Amino acid sequence: MTREEKGTLIDDLAEKLRNTSYFYVADTGGLSVKEINEFRAMCFQRGVEYKIYKNTLIRKALEQLDTDYESFNDALKGTSGIMFSTDTSNAPAKIIKEYRKKGIADAEKPAMKAASIDSDLFIGGEHLDMLSSLKSKEELLGEVITLLQSPAKNVISALQSGKSKLAGIVKTLSEREES
C-alpha cells in the first residue's frame, strides 16, 4: 500500500469516525475465519458494520478528530476491528455478548477493547455489561411517552367514572328538594 493510499484510508476512516456517534474497538484475534464471518454476519443483521484496521491507521484517524482519544492508545494493541453503529449505542455491546453466549468460540472473544458513545470514552472490557444495558433513544422516548400519558389517563378515567356518580348525586339532591 502506497503512502497516498494509506493517507486516503486514514482520511476516510477519520471521516467515518467523525460521522458515527457510537463505535467500539473490538478484538477478534484468535477466532477462525469462519467464526469472524459469523460475527460479521451477526453485526450486519443488526445494522452494525465491523471492519478490521491496523492499529496505527486507527490511531492516526483518531488524531484527526476533535475529541482526545489518547486513552485509546493502550487499547490499540493486537488485532483491532471497529464496530460502527449509527442507530443505537448499545447494539455493538449486545452483539458481543450474544456472540459469546452462543459458545461458537472462546468465551472471551470477541473482546471489547474500547468504546466511544457520543464522545464519552470507555476503555476495557469491564464496561461491556454496563454498555449493553444502556437504553436506546427509542426505548427512552417510549418510557417518557408512557410516563406523560399516565396522568392524563388517570384524569380521564376519573372524569368518566365520576359522571355516573355526579348524576346520582344530582338526582338525589333534586329528590330531597322535592320532598
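# Close-up views of a predicted model

**View 1. The largest nonpolar core holds 22 residues.** Tyr-24, Phe-39, Met-83 and Leu-131 have the most contacts inside this core. A nonpolar core is a set of buried Ala, Val, Leu, Ile, Met, Phe, Trp, Tyr and Cys residues joined through side-chain atoms within 4.5 Å. Buried means under 20% relative accessible area, exposed over 50%, and partly exposed in between (1.4 Å probe, protein chains only). At least two core residues come from each of β1 (22-27), α2 (33-45), β2 (48-53), α4 (91-102), β4 (111-117) and α5 (128-132). Helix α4 gives the most, with 5 residues. Helices (H or I, at least four residues) and strands (E, at least two) are DSSP runs, numbered from the N terminus. This is a predicted model: local features need pLDDT of at least 70, side-chain atom pairs count only at pLDDT 80 or more, and totals for chains, interfaces and linings use all residues. Residues are numbered from 1 along each chain as its sequence is written, and side-chain values use heavy atoms, with hydrogens and water left out.

**View 2. Met-83 and its contacts.** Leaving aside residues up to four places away in sequence, Met-83 touches Tyr-22, Phe-23, Tyr-24, Ala-26, Phe-39, Cys-43, Val-48, Glu-49, Tyr-50, Pro-92, Ile-95 and Ile-96. Contact means heavy atoms within 4.5 Å.

**View 3. An open sheet of 5 strands.** The order is β2-β3-β1-β4-β5, and the pairing is antiparallel. Two strands pair if DSSP finds at least two bridges between them. Strands β2 and β5 (120-123) are the edges, each pairing on one side only. Neighbouring strands are turned by 20 degrees against each other on average, direction ignored. Axes are lines fitted to C-alpha atoms, for helices over the stretch in contact, and angles run from 0 to 180 degrees between N-to-C directions.

**View 4. Strand β3 (residues 80-85) and its partners.** β1 and β3 pair in the antiparallel sense over 5 bridges. Here Val-25 stands opposite Ile-82, and Ala-26 stands opposite Gly-81. Strands β2 and β3 also run antiparallel, joined by 6 bridges. Tyr-50 stands opposite Met-83. How many residues of β3 are buried? The count is 6 of the 6, so β3 is largely enclosed by the rest of the structure. Ser-80, Ile-82 and Phe-84 are buried on one side, and Gly-81, Met-83 and Ser-85 on the other.

**View 5. Helices α2 and α4 cross.** Their axes come within 10 Å and cross at roughly 135 degrees. That makes α2 oblique to α4. Angles under 35 degrees count as roughly parallel, over 145 as roughly antiparallel, 65 to 115 as roughly perpendicular and the rest as oblique. From α2, the contact uses Glu-35, Glu-38, Phe-39, Met-42 and Cys-43. From α4 come Ile-95, Ile-96, Glu-98, Tyr-99 and Lys-102.

**View 6. Helices α1 and α3 pack together.** Their axes are 8 Å apart, at an angle of about 60 degrees. That makes α1 oblique to α3. Leu-9, Ile-10, Leu-13, Ala-14 and Leu-17 of α1 meet Leu-57, Ile-58, Lys-60, Ala-61 and Leu-62 of α3.
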